[in-house]
Amino acid sequence: MDKIKTLELLVVVLIGTLSNAQDREVFQNVNELVKETQRVISIAPGQVIDTAYFRTLFLPTAHFSVVGKEDGVYMQETMGLDEFLETLTDEYYSLGYHEESTGEIIEEYNGMAQVIQSFEGLDFENETGKGVGSYQLVYSEGRWWIANMVWAISSDNGKDIPKKYLRKQ
């Protein structure tokens with residue numbers, strides 16, 4: 001009987017936590033939600049990315065695309081949320097990774113938003129990568145959701161990133 005009560009209590013706490021999550025400030029602010037993605041994937045060596053929480057930032061139908069040039073030809077790779085979460089469990093991240101915004105432009109209208117953000121990442125080998133990400137967001141069910149994400153890595157250590165994306169807002 002004690003096991004059943006404990007299980008019931010855990011279910012009540014879980015439901016309360018999930019319904020309370022929508023009230024968190026991060027889900028009410030477009031820029032904070034986008035930056036939350038970087039906070040979650042920035043981990044110290046030996047840590048694990050909280051992919052269950054990361055999932056709550058996105059619509060279940062979200063897509064993730066990386067674009068850029070490879071051997072002078074534009075290419076793209078797109079994956080769904082589950083596949084993207086799987087990439088976050090790769091050793092590349094568990095050895096330590098940090099990413100942060102270096103500037104953004106935010107456009108918002110009538111329950112939709114677009115954030116174009118420059119970023120810089122630092123991996124466990126102290127290699128930096130700079131690029132630009134584009135986030136499309138929708139407001140639904142009392143909160144913002146990231147609907148899609150597209151990003152490109154700079155091939156010129158960030159020198160090719162348009163200055164308008166580098167300014168802080």
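Predicted model: local features only at pLDDT ≥ 70, side-chain atom pairs only at ≥ 80, totals over all residues.

Student: Okay, helix 2. How many of its residues are buried?
Tutor: Nine of the 12 residues in helix 2, which spans residues 30-41, are buried. So the helix is largely enclosed by the rest of the structure.

Student: Which ones are the buried residues?
Tutor: V30, N31, L33, V34, E36, T37, Q38, V40 and I41.

Student: What goes on at the start of helix 2?
Tutor: Look at N29 there. One of its side-chain oxygens comes to within 3.0 Å of the backbone nitrogen of N31.

Student: New topic. How many salt bridges are there in the whole structure?
Tutor: A search of the whole structure gives three.
Tutor: Take R24 and E36. Their side chains form a salt bridge, 4.0 Å from N to O.

Student: Where do those two residues sit?
Tutor: R24 is in the loop between helix 1 (2-21) and helix 2, while E36 is in helix 2. So this pair ties together parts that are 12 residues apart in sequence.

Student: Is E36 buried or exposed?
Tutor: E36 counts as buried, because its relative accessibility is 7%. R24 has 38%, so R24 counts as partly exposed.

Student: Which other residue does E36 form a salt bridge with?
Tutor: With R39. The closest N and O atoms of E36 and R39 are 2.9 Å apart.

Student: And how far apart are E36 and R39 along the helix?
Tutor: Three residues, about one turn, and both lie in helix 2. In an α-helix there are 3.6 residues a turn, so residues three or four places apart point the same way.

Student: Which residue does D82 form a salt bridge with?
Tutor: R55. Here the closest N and O atoms are 2.8 Å apart.

Student: Which parts does that pair tie together?
Tutor: D82 lies in helix 4 (residues 81-87), and R55 lies in helix 3 (residues 51-55). So the D82 and R55 pair ties together parts that are 27 residues apart in sequence.

Student: Is D82 buried or exposed?
Tutor: D82 counts as exposed, at 53% relative accessibility. R55 has a relative accessible area of 37% and is partly exposed.

Methods
Residues numbered from 1 in each chain as written. Heavy atoms only, no water. Buried < 20%, exposed > 50% of the residue type's maximum accessible area, 1.4 Å probe, protein only. Helix = DSSP H or I, 4+ residues; strand = E, 2+ residues; numbered from the N terminus. Polar contact = N/O pair within 3.5 Å; in protein donor to acceptor, adjacent residues only side chain to side chain.
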